[in-house]
Amino acid sequence: MTALSPLPAATVPTPAALSIRLETPDDDAWIEALHEVSFGPGRFARAAFRVRERIAVDPEFSYIAEIKGERAASVRMTPISVGGINGYLLGPLMTDPEFRKQGAGRALVRHVCDLALEREGIAFVLLVGDFAYYSPLGFVRTAPSAITFPGPVDPTRVLVHSPDPHMAETLAGDVLPWV
Ligand SMILES: CC(C)(COP(=O)(O)OP(=O)(O)OC[C@H]1O[C@@H](n2cnc3c(N)ncnc32)[C@H](O)[C@@H]1OP(=O)(O)O)[C@@H](O)C(=O)NCCC(=O)NCCS
C-alpha cells in the first residue's frame, strides 16, 4: 500500500487560522480599496451606501476577519430602525478576492448577527444581498417593497434575520436612524 499523498493546500482554514477582531482606523485605506474592488464605480449609488451616508456605521460592529494574521474580509453595521423597531443594516460585507471561499464572509456575518441580536432592544439584522448566499445564514426575504430605502432597491434582495419568526412579513416602513 502506498503512503497517502499530502493533502492539497487547505481551502477552508482551521478555526485557529481564521480570527475576527474589531476594525481600527489603520484598516480604513484597505477597506476603501476593497470596497472599490468589490463593488466598482457604482458603489456610491447603492441603496445601502445611501443609508450609510445618512446614518454613521457603528464602530463597535465593524469587524475584520484575518486568515493566518492577514486581513481577509470586512463587515460593517449601521444602526437603523424600520417602522419604529430598532435593528442593524449589515454591509458592506467584502472578502479580498485572494481569500474568498475560505469561510471569512460567513464567519463575519455570524459574528455580527449574534452580537447584534444579543443587544437589548435590537430585533433584526437587515441587508440588501443575494438570497443564495445569506439564506443558509438565517436570512429570509422581507415582504415585497415593504421597506423603503433612500434609493431604488431590488425588493427580492431585501433580507432580514431575526429571532421573531413574524419579522419578515411584518417589518415595514422607511429605513431611519434608531428611535
Ligand atoms: C460575497 C462575499 C463577501 C463572500 O465572501 P467569502 O469570504 O468568499 O464567503 P464564504 O467563504 O463565507 O462563502 C463562500 C461560498 O459562498 C458562495 N458565494 C459567494 N458569493 C455568493 C453569492 N453572491 N451568491 C451565492 N453564493 C455565493 C461561494 O461560491 C462559496 O460557496 P462554496 O462554499 O460552496 O464554495 C465575497 O464573494 C465578496 O466580497 N463579494 C463581493 C462583494 C459582495 O458581493 N458582497 C456581498 C454584498 S451583499
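Predicted model: local features only at pLDDT ≥ 70, side-chain atom pairs only at ≥ 80, totals over all residues.
Residues are numbered from 1 along each chain as its sequence is written, and side-chain values use heavy atoms, with hydrogens and water left out.

**The nonpolar cores**

- Val109 is among the residues with the most contacts inside the largest nonpolar core, along with Met77, Leu90, Tyr134 and Phe139. That core has 27 residues.
- A nonpolar core here is a set of buried Ala, Val, Leu, Ile, Met, Phe, Trp, Tyr and Cys residues joined through side-chain atoms within 4.5 Å. Buried means under 20% relative accessible area, exposed means over 50%, and partly exposed is in between (1.4 Å probe, protein chains only).
- At least two residues of this core come from each of β2 (63–67), β3 (70–82), β4 (85–95), α3 (104–118) and β5 (124–128). Helices (H or I, at least four residues) and strands (E, at least two) are DSSP runs, numbered from the N terminus.
- Helix α3 gives the largest share of the core, with seven residues.
- There is also a second, separate core of 19 residues, and Ala47, Ile55, Leu126 and Val128 are included in it.
- As a rule, nonpolar side chains in soluble globular proteins tend to be buried together.

**The largest pocket**

- The largest pocket holds about 580 Å³ of space. For the search, a 1 Å grid is laid over the protein atoms alone, and a pocket is an open set of points where a 1.4 Å probe fits, with protein on both sides within 12 Å along at least five of seven lines. Grid points are joined across faces, edges and corners, and the volume is the space filled by probe spheres set on the points.
- Its lining has 26 residues, and the closest to the pocket's centre are Leu93, Met94, Thr95, Tyr133 and Tyr134. Lining residues have an atom within 4 Å of a point.
- Strand β4 supplies the largest share of the lining, six residues. At least two lining residues come from each of α1 (28–39), α2 (47–54), β4, α3, β5 and α4 (131–134).
- By class, twelve of the lining residues are nonpolar, seven are polar and seven are charged. Ala, Val, Leu, Ile, Met, Phe, Trp, Tyr, Cys and Pro count as nonpolar, Asp, Glu, Lys and Arg as charged, and the others, Gly among them, as polar.

**Buried spots to look at**

- Glu66 sits in strand β2 and is buried, at 16% relative accessible area. Its side chain makes a polar contact of 2.8 Å with the side chain of Arg21.
- A polar contact is a pair of N or O atoms within 3.5 Å; within protein, one must be able to donate a hydrogen and the other to accept it, and residues adjacent in sequence count only if both atoms are side-chain atoms.
- Ser62, in the loop between α2 and β2, is buried with a relative accessible area of 2%. The Ser62 side chain reaches the backbone oxygen of Asp58 at 3.1 Å.
- Ser62 and Leu22 are 40 residues apart in sequence but 6.0 Å apart in space, C-alpha to C-alpha.
- Met167 belongs to helix α5 (residues 167–170) and is buried, at 4% relative accessible area. Apart from neighbours within four places in sequence, Met167 is in contact with Ile85, Ala123, Phe124, Val160 and Ser162.
- In α2, the buried residues are Ala47, Ala48, Phe49, Val51 and Arg52. They pack against α1, β3, β4 and β9 (173–176).

- Gly91 and Pro92 are joined by a cis peptide bond, with omega about -5°. Pro92 is in strand β4.
- Lys101, in the loop between β4 and α3, has a positive phi near 60° though it is a residue other than glycine. Lys101 is exposed, with 79% relative accessible area.
- Ser145 is not a glycine either, and its phi is positive at about 60°. Ser145 lies in the loop between β6 (140–141) and β7 (147–148) and counts as exposed at 57% relative accessibility.

Terms used
Contact = heavy atoms within 4.5 Å.
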